[in-house]
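Student: I have a structure on my screen and want to learn how to read it. Could we take it feature by feature?

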Amino acid sequence: KLRLTMKQIYEMAEDEGIALRHINFKRLAMPVKKMTTEKRPLTPEEEDAIFEADIPDMEKAFVYTLYYTGMRREEALALLPSDFDFVNMRVSVNKTVVFDDNDPVLNEGMAKTKYSIRKIPLPDAAASFLKEYCSSCEGFMFQQTRKGGLMSKTSYNKFWRRIRAVLVPLAPSADTLTAYTFRHNYATMLYYSDIKPKMAAKLMGHKDTTMILRIYAHLDEEREMADVKLNKVFSK
């Protein structure tokens with residue numbers, strides 16, 4: 001389509017008497033399509049690996065936070081133990097850590113948008129480990145292991161590679177895991193929990209339901225296809 005459009009523009013220009021250098025449109029190279037990261041939930045093998053792998057405490061706390069709350073990476077990196085309320089089983093999101101080149105920058109009282117400042121329910125399954133981990137923390141929950149303080153971008157990349165390295169032997173596809181995979185997985189879990197789109201958007205920190213409805217529509221389609229296939233199998 002790009003090639004055809006360019007050819008038409010070229011021919012129209014020639015008809016208008018505009019002198020152009022000759023172009024061989026058959027040999028015109030098209031732009032290479034950039035690969036994008038697939039938005040996907042965790043596979044069953046990856047989910048099992050999270051609970052079966054021998055993950056160091058800080059890495060495990062980070063993975064559990066992403067898995068059970070669906071918060072963004074920059075939100076999780078800014079967490080303090082005081083953000084966890086184990087009485088009311090809530091975790092507060094009210095600040096972020098972003099990277100200025102390699103340096104971490106803490107934005108206190110700020111999130112991606114005003115809608116991102118929120119309280120997320122903390123499931124009972126996460127409480128025991130995270131409560132114990134929080135009690136052992138001084139300062140931020142996720143720090144540079146040698147220097148302390150907030151992680152730099154380089155430190156975070158190494159930190160995430162360590163997490164994947166532990167999970168890959170149990171689930172080879174974990175080699176492609178990102179923090180966003182856990183966020184997409186959380187949205188998927190909200191869908192299967194029959195959480196309404198408006199509440200799901202609030203828990204995810206979205207301004208409106210646009211993104212949630214896209215995910216829900218896709219999952220509706222997958223569920224419908226499964227129903228159709230099952231009916232075909234059992235009707236034989």
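This is a predicted model: local features need pLDDT of at least 70, side-chain atom pairs count only at pLDDT 80 or more; totals for chains, interfaces and linings use all residues.

Student: Which residues of α7 are buried?

Tutor: Buried means under 20% relative accessible area, exposed over 50%, and partly exposed in between, with a 1.4 Å probe and protein chains only. In α7 the buried residues are A179, T181, F182, R183, H184, N185, Y186, A187, T188, L190 and Y191. Residues are numbered from 1 along each chain as its sequence is written, and side-chain values use heavy atoms, with hydrogens and water left out.

Student: What span does α7 reach?

Tutor: Helices (H or I, at least four residues) and strands (E, at least two) are DSSP runs, numbered from the N terminus. The expected span of a helix is 1.5 Å times one less than its number of residues. Helix α7 covers residues 179-192 and reaches 21 Å from first C-alpha to last, close to the expected 20 Å. D194 follows α7, with a positive phi near 65 degrees.

Student: Which residues have the most contacts inside the largest nonpolar core?

Tutor: In soluble globular proteins, nonpolar side chains tend to be buried together. A nonpolar core here is a set of buried Ala, Val, Leu, Ile, Met, Phe, Trp, Tyr and Cys residues joined through side-chain atoms within 4.5 Å. The largest one has 61 residues, and F62, F84, L130, F142, Y156 and F182 have the most contacts inside it. Helix α3 (residues 57-69) gives the largest share, 8 residues. Take Y156: leaving aside neighbours within four places in sequence, Y156 is in contact (heavy atoms within 4.5 Å) with F62, R73, L77, F99, M151 and A179.

Student: How many salt bridges are there in the whole structure?

Tutor: Side chains of opposite charge can pair when their charged atoms come close. The test is a side-chain nitrogen of Lys or Arg within 4 Å of a carboxyl oxygen of Asp or Glu. The search finds 5 salt bridges. E59 and R162 form one of them, with the closest N and O atoms 2.9 Å apart. This pair links helix α3 to helix α6 (residues 153-167), 103 residues apart. E59 is buried at 6% relative accessibility, whereas R162 is partly exposed at 37%.

Student: Where do E75 and R118 lie?

Tutor: Their side chains meet in a salt bridge at 3.0 Å, N to O. E75 is in helix α4 (residues 73-76) and R118 in strand β5 (residues 118-121), so the pair ties together parts 43 residues apart in sequence. Both are buried. Salt bridges with shared partners join R72, E75 and R118 into one network.

Student: In what order do the strands of the open sheet run?

Tutor: Two strands pair if DSSP finds at least two bridges between them. The order is β1-β2-β5, with antiparallel pairing. β1 (84-85) and β5 stand at the edges, each with a single partner strand, so one side of each lacks a neighbour in the sheet. Strand β2 (residues 90-93) is joined to β5 by 4 bridges. Among the bridge partners, S92 goes with K119 in β5.
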